[in-house]
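User: Can you walk me through how the strands and helices pack in this one? I'll ask as we go.

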Amino acid sequence: MLLLQFSTSHYCRKARLALGYKQIPYQVENLTPALHILRVKPLSGSHTVPVLLPQQKNCPAVVADSTEIIRFLEAYQPDPPLYLENDMQQKEALRLEDYFDEFIGTAARFVYYQFRANEGKQIDSSWMSQAVIAIVRSQYDINADSAKIAALKIADAIAMLSEFWQDGYLVGDRFSVADLTAAALLSPLGLIPTYRQNYPWLFERITEIHQLCNEPLPKNWQAGLDGLSSYSNAKVN
């Protein structure tokens, strides 16, 4: 299988977590934002990633969108399952997946790229990285005001997660697509020291899920901890 992706996209991370959890061998093709349209639109009819090319007999040629990729993987290889047996619980898991996809994933994007354009610029100050950040900020109209609104949405989601994630799962008594989606789409916040300071339990859980899914943590994940150390020292001084 071949996954067409942006290496830094948390929606692509969601697809990788699912593939890793099911231990399905795959390769990735990293695309360049803007230029990626030339590669993915002829395949899927859309301009978004991730796009999975199963390259297997009796499988669709193209599966686009992280939610559809997980649905395909559940049919292709049911075990270990990401969907729940109980119909009511599965309905709730899919509702949470949609909630994180539509509201929290986008909010995390706003907060993350606002941080990377300002205090977090030193994480990677290369011209290529800064060019990608500028493209994303322009494409989604990310600025200080929109990032503040997004941060409020994230605060609501973290408050909800705190009721379940510190000692259990979001739905039922086992890992599901809801937990996977939350871990993937909140992972960019791990690079932001204030979130690492305020919600250590959140990033411990995200780390556990990445280990469960055989997926490395985001690049520069340590920068969030290094920044937290600098932040703490500044407060002491």
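User: Which residue of β2 does Leu 2 stand opposite?
Analyst: Gln 27 is the residue in β2 that faces Leu 2. Keep in mind that this is a predicted model.

User: How many bridges join β1 to β2, and do the strands run parallel or antiparallel?
Analyst: There are four bridges between β1 (residues 2–5) and β2 (residues 27–30), and the two strands run parallel.

User: What unit do they make with α1?
Analyst: Together with helix α1 (residues 10–21), β1 and β2 form a β-α-β unit, and the unit is right-handed.

User: Switching to helices. At what angle do α4 and α6 pack?
Analyst: About 135°, with the axes of α4 (residues 87–116) and α6 (residues 144–162) 8 Å apart. That angle makes α4 oblique to α6. Their crossing is left-handed.

User: Which residues meet there?
Analyst: On the α4 side they include Phe 100, Phe 103 and Ile 104, and on the α6 side Ala 147, Ala 151 and Ile 154 are among them. By class, the contact of α4 with α6 has 17 nonpolar, two polar and one charged residues.

User: And α7 with α9, what is the angle there?
Analyst: Helix α7 (residues 177–186) packs on α9 (residues 200–212) at about 115°, and their axes are 9 Å apart. The two helices are therefore roughly perpendicular. The crossing of α7 past α9 is left-handed.

User: Which residues of α7 meet α9?
Analyst: Asp 179, Ala 183 and Leu 186. In α9 they meet Leu 202, Phe 203, Ile 206, Ile 209 and His 210. That contact of α7 with α9 has six nonpolar residues, one polar and one charged.

Definitions and conventions
Residues are numbered from 1 along each chain as its sequence is written. This is a predicted model: local features need pLDDT of at least 70, side-chain atom pairs count only at pLDDT 80 or more; totals for chains, interfaces and linings use all residues. Side-chain values use heavy atoms; hydrogens and water are left out. Axes are lines fitted to C-alpha atoms, for helices over the stretch in contact, and angles run from 0 to 180 degrees between N-to-C directions. Angles under 35 degrees count as roughly parallel, over 145 as roughly antiparallel, 65 to 115 as roughly perpendicular and the rest as oblique. A crossing is left-handed if the near helix is turned anticlockwise from the far one by less than a right angle, and right-handed if clockwise. Contact means heavy atoms within 4.5 Å. Ala, Val, Leu, Ile, Met, Phe, Trp, Tyr, Cys and Pro count as nonpolar, Asp, Glu, Lys and Arg as charged, and the others, Gly among them, as polar. Two strands pair if DSSP finds at least two bridges between them. A crossover is right-handed if, with the strands pointing away from the viewer, the path from the first strand over the helix to the second runs clockwise.
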